[in-house]
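Here's a quick briefing to read alongside the model. Have the sequence and the 3D view open as you go through the points.

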Amino acid sequence: MKPELKQEIDIILCLMLEDAASDQQIARLNTLQENDPEVLEYSVDFYLVAAVLRKSNCIPLAFFDTQREIDEQFNQLKIFAAEEYMAPAIDAPDEDPQENLRCVNDAERLPVIKADRSKAALFVMISSIAAALLFFVSIRLVPEREEVAVVAETINSAWGSGSEVFIGDSFYNTDEAKVLEAGVIEVEFNYGARVVIEAPAKFSCKSGNLIDLEYGRAYSRVPKEATGFTIVTEDARVVDLGTEFGVQVNVDGTVELHVTKGKTSLIAGHTKKQQDVFEVLAGQARHVSDLGTSVQEIELKDTAFAQHIDTKTGMIWNGRKTINLADIVGGGNGFNTGQVEHGIDPGTGEAIVLGPEHTYEVPSASNAYHVYKTNPFVDGVFVPNAADGTQIVSSLGHVFSECPKTNGHYFARIINGTTQAIGGGGPGLSLNNVFYGTPENPAIFMHTNQAITFDLAAIRKALQGAEMARFRSICGVSQTAVDFGLADVTVLVDGQIRFNRKNIQKGQSSEIDVPLGERDRFLTLLTTISEGKQVPEGYNREHGDWCLFGRPTLDLE
């Protein structure tokens, strides 16, 4: 709709609410509504808001099937009105009357309606309107069956009554309540809110900004344009005021609200007479019981809900602030789904399971970069060696210009930890008398002349935009290694050195703390033989270089 036309309609609608519109203006609006569906829809929205603020149910009855849904719309808009009333006044710029009336014929010039600068006056004015609403009493303008949300992601979902729901399937406002018996789904509502629902759960999507949760767990992420998204339960309702929050409805009817960002309004009470409204802010949580008459403060469970899921990678993120890179090396998604002693051969780019055949041979390979297709969070692997020419360190061709020359030999592959006694050393891996390579203390076991590049953009995508603050780890040569180890450890971001420690001996270690920016794409961990290393005759030059990265994590903001 053109701005000039919208302003003309606004003026006429406001005059009609005050019973001040002329016959010509009413005829003009009727003509526009008959010939332009967009004008008609805009007019209905205008009067719907006015009707709810006036506590009239004439228009909501045309849109909803139950009194409960009508009451919910009243509650929501009353909260918005209160927010507007309490907000500080904002001076509006002076308007040019001639500019406002440019779209109106000279013979039908309308009086200019200027914004009242008082929030209180605006609130009173809006709350007083009702007279013109009867125009819409008998008209049902919204289809009985309307698509209000779609399935965006799903992991291992199973549904009651033998039904199946797939990515891209729609939910309608008239659907019977769905029963999610297993798995997790993510639903995107028409106004932009995204809700992760965990089984077991029973729910129905009532509008593009409202879900009825009979039981189960739901975590909502609400963008600014969807402010007002509401989760309805039997005895409580939660209205978003710009936030992220989780709601758990138990089978006994009790409700928990956990707010991780922004703020919400909690309306507790089974009937109107019993209802109380509470403002619940980020970092706070409430427990609702006894038909909504009891509301108690409880401890926030900021990692108790699935907050993001990714179908492609199987990632279910519950708000934890660290991603385990060793777990990714082991075939996982960074949240303890990988397997210990699984890893990748840097000379071939193939996934492997550590076995005897890997612990006695010392293969060699070129410095070719191998794109890894098994796990999207790993971009690729390689055997670093500038003697073979330019060292590529990413699938986009980033170059490590300061890569040293090595002999191209490596040992045991890139592994998600180990508890084995291998190569005459061991058992396991340790630094500073702490054992690494276990689920409790994860580690990437990476003998010299091996490198792996992680795709930070792929991780961000799976987490739907979550940003990383830094990479942290402890690196060194294991105390359990055989003698003569002397290695260099390097960390690259997009081919540029961010950390480098040379001449690390058996049992020595260093802390790594590399800040990451939103544009950083590739993180490369690299181990090489120290320049000038000497070993006794009969030993391979890389002998004893049992490098490891202990607790290698990406910290999320």
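Let's start at one spot in the strands: Val 150 sits opposite Glu 188 in β3. Keep in mind that this is a predicted model, with a mean pLDDT of 84 for the protein chain.

**Around strand β1**

- Strand β1 covers residues 147–159 and strand β3 covers residues 178–189; the two run antiparallel, joined by 8 bridges.
- β1 also pairs with strand β2 (residues 170–172), again in the antiparallel sense, and here there are 3 bridges.
- Val 150 turns up in this pairing too, standing opposite Ser 170 in β2. So much for Val 150: it has Ser 170 across from it in β2 and Glu 188 across from it in β3.

**The open sheet**

- Further along there's an open sheet of 6 strands, and reading across it you get β17-β18-β23-β28-β25-β26, with antiparallel pairing.
- Which strands stand at the edges? They're β17 (370–371) and β26 (496–505); each has a single partner strand, so one side of each has no neighbour in the sheet.
- For β17, 2 bridges make the antiparallel link to strand β18 (residues 378–382).

**The α1/α2 helix pair**

- Helix α1 (residues 3–17) and helix α2 (residues 23–35) have axes that come within 10 Å and cross at roughly 125°.
- That angle makes α1 oblique to α2.
- As for handedness, the crossing of α1 and α2 is left-handed.
- On the α1 side, the contact is made by Leu 5, Glu 8, Ile 9, Ile 12, Leu 13, Leu 15 and Met 16; on the α2 side they meet Gln 25, Arg 28, Leu 29 and Leu 32.
- Sorted by class, that contact of α1 with α2 comes to 8 nonpolar, 1 polar and 2 charged residues.

**Where to be careful**

- Across the protein chain, 82% of residues reach a pLDDT of 70 or more.

Methods: Residues are numbered from 1 along each chain as its sequence is written. This is a predicted model: local features need pLDDT of at least 70, side-chain atom pairs count only at pLDDT 80 or more; totals for chains, interfaces and linings use all residues. Side-chain values use heavy atoms; hydrogens and water are left out. Axes are lines fitted to C-alpha atoms, for helices over the stretch in contact, and angles run from 0 to 180 degrees between N-to-C directions. Helices (H or I, at least four residues) and strands (E, at least two) are DSSP runs, numbered from the N terminus. Angles under 35 degrees count as roughly parallel, over 145 as roughly antiparallel, 65 to 115 as roughly perpendicular and the rest as oblique. A crossing is left-handed if the near helix is turned anticlockwise from the far one by less than a right angle, and right-handed if clockwise. Contact means heavy atoms within 4.5 Å. Ala, Val, Leu, Ile, Met, Phe, Trp, Tyr, Cys and Pro count as nonpolar, Asp, Glu, Lys and Arg as charged, and the others, Gly among them, as polar. Two strands pair if DSSP finds at least two bridges between them. pLDDT is the predictor's confidence in each residue, from 0 to 100.
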